[in-house]
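Colleague: I would like to go through this model and hear what stands behind each label. Please put the structure up before we start.

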Amino acid sequence: MDATPAIELRGLARRYGERWALDDVTVDVPAGATLVVFGPNGAGKSTLLRVLATLLRPHAGEARVLGSPLPDRAWDVRGRVGLLAHEALLYRDLSARENLRFHARLHRVAQARVEELLERLRLGGRADDPVRTLSKGLLQRVAVCRAVLHDPPLLLLDEPRANLDPAAAALIEPLIGRASGRTRVVTSHDPAGGLAEADYALGLRDGRVALSAPAERIEHAAIEELYR
Amino acid sequence: MRPSMALLRKDLLLERRAPEAIPAMLLFSVTTFVLFHFGLGRDTLSGQLAAGVLTVTLLFAAILGINRLFVSEQEEGGFDGVMLAPIDRTALFLAKAAALFLFLALVEVVTVAAFALLLLGPSPWPALPGLILILALLDGALALVGTLVSALAIRTRARDLIVPIVALPLLVPALIAAARGAAPLLAASGAGSIPTKWLAILALYDLVFGLLAYAVFDFLLED
């Protein structure tokens, strides 16, 4: 793990209309580390990921991602993050292969990488079916392929194992797990599982930081308290 | 150009796989000609009236296509995927405008034939080269303005209302130029020459909106 921060947030805030979805969020994530974000529905976890991905502009505070301040140098960040969101960010009427080839062209990645990922996630048999016909688990696997296609140094993962059976979760582990060696921001509702893979934990409630500390200093009970 | 081509290819593939815009525009155009046929109570049209009916019908049909232009991105979540790619957002504009231009051109192949069969008095053949030139310039205007307005509308809840309300007034100059330019071509006395003044106005309109779109498209996509 490199001590240089891959993510530096200082008093970050973001609102939707009059409602503050994130308010005064401060956190540092060293390169190669994993930050797990806990919080009940509507706490601001997904908004935080979208700000880090440059899809939403911060409305106050400072955000620096991979050394580039947002939103001024969002351009430098795009292409270096992989986002696995609640939506698969895929075109439903295109096949997995067509979707991945399309993204490979946008990211200037060799088409061979598409075949490699389809093979690794055992999607070969369904790679030419429209993604609208895939089960949620298979769709999530294709979304993982899309997120890591361009080998990004920063992964933003919104409940990445949702809809996956244990075998599928094991399949994606080398790509998006700790072993991938990437800096990761992961949202989770699972105190035990989340803390097990975290270097740092952040707890959000109503958009504000309710908990922020290295993972080894946090008790499960403190995470569970966020949801009460 | 490579990202633009990838985006354009994807849009054409999606329209081929699940046709939406082209069938809707086609059906609308042909139905409108039938309505004009009965509404005007005339078997044949020529001159300014014919040019007006043709261009206004194409304009309204284009609104259907403009409304659908960014829908696949929004409904299927693909928009965020594209926004995360390290590409100039102008590439997205170019691809969407090119897709709309191609859709309109395809629709016009059938629509102009239907117009000639259902409503047009004089033979369409002598007018065809000039008409193709005028419609190509009109399609350019519709594609440029349509893409801009569609990008503006896609993030609003009232998308279906915003597109006609914003696009139609902006397209009035292009419509006037296209209709006036096409009128002599469709004259009852036989196809005359195209008034170069109206062609120049259409070309200038395309140039101005092309530059304007280039300048502002990035800002329209900001959240």
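Modeller: Chain B has an average pLDDT of 92, and 99% of the residues score at least 70. This is a predicted model, with ipTM 0.88 and pTM 0.91.

Colleague: What makes up the secondary structure of chain B?

Modeller: Chain B has nine helices and zero strands. Along the sequence the pattern reads α-α-α-α-α-α-α-α-α.

Colleague: Why is chain B called as compact as a globular protein of that length?

Modeller: The globule rule gives 17 Å for 223 residues, and the radius of gyration of chain B is 18 Å, which is close to it, so chain B is called as compact as a globular protein of that length. The C-alpha atoms fill a box of roughly 55 × 35 × 30 Å along the principal axes. Of the 223 residues of chain B, 48% are buried. Of its contacts between residues at least 6 apart in sequence, 85% join residues at least 24 apart.

Colleague: What makes B:Ala136 partly exposed?

Modeller: A residue is buried at 20 or more other C-beta atoms within 10 Å and exposed at 12 or fewer. B:Ala136 has 15 C-beta neighbours inside 10 Å, so it counts as partly exposed. The residue is found in helix α7 (residues 128–153) of chain B. Its C-alpha atom is separated by 14 Å from that of B:Ile194, 58 residues apart along the chain.

Colleague: And chain A: how many helices and strands does it have?

Modeller: Chain A has eight helices and ten strands. With a radius of gyration of 17 Å, close to the 17 Å of the globule rule for 228 residues, chain A is therefore as compact as a globular protein of that length. Its C-alpha trace spans about 45 × 40 × 35 Å along the principal axes. Buried residues account for 47% of the 228 residues in chain A. Of the contacts in chain A between residues at least 6 apart in sequence, 67% join residues at least 24 apart.

Colleague: Which strands form the open sheet of chain A, and in what order?

Modeller: Six strands form it, in the order β6-β7-β8-β3-β9-β10, with mixed pairing.

Colleague: Why are β6 and β10 of chain A said to stand at the edges?

Modeller: β6 (81–84) and β10 (208–214) of chain A each have a single partner strand, so one side of each is left without a neighbour in the sheet. Neighbouring strands of this sheet are turned by 15° against each other on average, direction ignored.

Colleague: How do you know that β6(A) and β7(A) are paired?

Modeller: Pairing requires at least two bridges. β6(A) and strand β7 (residues 154–158) of chain A have four, in the parallel sense. A:Leu83 stands opposite A:Leu156 in β7(A). Helix α1 (residues 45–52) of chain A lies across β3 (34–38), β6, β7, β8 (183–188) and β9 (200–205) of chain A, and runs at about 155° to β8(A).

Colleague: Why is helix α3 of chain A called largely enclosed?

Modeller: Eleven of the eleven residues of α3 (residues 96–106) of chain A are buried, so the helix is largely enclosed by the rest of the structure. Just after α3(A), A:Arg108 takes a positive phi of about 55°.

Colleague: Which residues is A:Arg132 in contact with, and what makes it partly exposed?

Modeller: A:Arg132 has 14 other C-beta atoms within 10 Å, so it is partly exposed. The residue is found in the loop between α4 and α5 of chain A. Leaving aside neighbours within four places in sequence, A:Arg132 is in contact with A:Arg92 and A:Asp93.

Colleague: How many residues does each chain bring to the contact?

Modeller: Chain B brings 22 residues and chain A 24 residues. On the chain B side, α1 (2–17) and α5 (78–83) each supply at least two residues. α1(B) gives the most, with seven residues. The residues on that side divide into eleven nonpolar, four polar and seven charged.

Technical notes:
Residues are numbered from 1 along each chain as its sequence is written. Chains are lettered from A and ligands numbered from 1 in the order in which they are written. This is a predicted model: local features need pLDDT of at least 70, side-chain atom pairs count only at pLDDT 80 or more; totals for chains, interfaces and linings use all residues. The radius of gyration is taken over C-alpha atoms; the globule rule is 2.2 Å times the number of residues to the power 0.38. Two residues are in contact if their C-beta atoms, placed from the backbone, lie within 7 Å. Ala, Val, Leu, Ile, Met, Phe, Trp, Tyr, Cys and Pro count as nonpolar, Asp, Glu, Lys and Arg as charged, and the others, Gly among them, as polar. pLDDT is the predictor's confidence in each residue, from 0 to 100. Axes are lines fitted to C-alpha atoms, for helices over the stretch in contact, and angles run from 0 to 180 degrees between N-to-C directions.
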